[in-house]
Amino acid sequence: MRRILLLFCCLALAAPAHALRCGTGVVSTGDSTMKLLQYCGEPTMREQQERRVPTRSYDQFRGAYYDDYIAVPYEIWTYNFGPRRFVQRITIEDGKIKQIESAGYGYR
């Protein structure tokens with residue numbers, strides 16, 4: 001019974017899967033890049049990406065709708081915390097954390 005209680009306490013204190021612990025701070029989805037930089041510092045790498053979002057537009061000259069795409073820019077920040085922790089890939093969109101994912105053990 002004691003082991004189960006200890007396990008439950010450890011799980012309750014652990015950061016959720018959509019969060020990242022840096023030192024004494026925790027950042028999670030929805031947090032700003034300012035908070036991420038404050039707790040975790042500069043990333044090892046920054047990638048600029050864009051995704052295309054379909055939208056319907058109206059052409060006044062033809063009098064018909066047509067399919068169009070809008071480019072939505074985003075960044076992927078990669079943090080390498082060394083060989084004892086997982087590399088973290090953080091998707092940033094509109095200055096906010098959209099996704100946090102692990103990418104295997106880090107390197108020196």
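Is Cys22 buried or exposed, and what is its relative accessible area? In this predicted model, Cys22 is buried, with a relative accessible area of 6%, where buried denotes under 20% relative accessible area, exposed over 50%, and partly exposed the range in between, computed with a 1.4 Å probe on protein chains only. The structure is a prediction, in which local features require pLDDT of at least 70 and side-chain atom pairs count only at pLDDT 80 or more, while totals for chains, interfaces and linings use all residues. Residues are numbered from 1 along each chain as its sequence is written, and side-chain values rest on heavy atoms, with hydrogens and water left out.

Cys22 is joined to Cys40 by a disulfide with an S to S distance of 1.9 Å, a disulfide being taken as a pair of cysteine sulfur atoms within 2.5 Å; by this rule the count comes to one disulfide. Because Cys22 lies in strand 1 (residues 19-22) and Cys40 in helix 2 (residues 33-40), the pair ties together parts that are 18 residues apart in sequence. Helices (H or I, at least four residues) and strands (E, at least two) are DSSP runs numbered from the N terminus. The torsion about the S-S bond of Cys22 and Cys40 is about 90°, so the disulfide is right-handed. Cys40 also counts as buried, at 14% relative accessibility.

Four strands form an open sheet in the order 3-4-5-6, with antiparallel pairing, two strands being paired if DSSP finds at least two bridges between them. Strand 3 (45-59) and strand 6 (96-105) stand at the edges with a single partner strand each, so one side of each is left without a neighbour in the sheet. On average, neighbouring strands of this sheet are turned by 25° against each other, direction ignored; axes are lines fitted to C-alpha atoms, for helices over the stretch in contact, and angles run from 0 to 180 degrees between N-to-C directions. Strand 3 and strand 4 (residues 64-79) run antiparallel and are joined by 15 bridges, and Arg52 stands opposite Ala71 in strand 4. Helix 2 lies across strand 3, strand 4, strand 5 (86-93) and strand 6, running at about 15° to strand 4.

Asp31, in the loop between strand 2 (25-28) and helix 2, counts as buried at 15% relative accessibility. Not counting residues up to four places away in sequence, Asp31 touches Val26, Gly95, Lys96 and Ile97, contact meaning heavy atoms within 4.5 Å.
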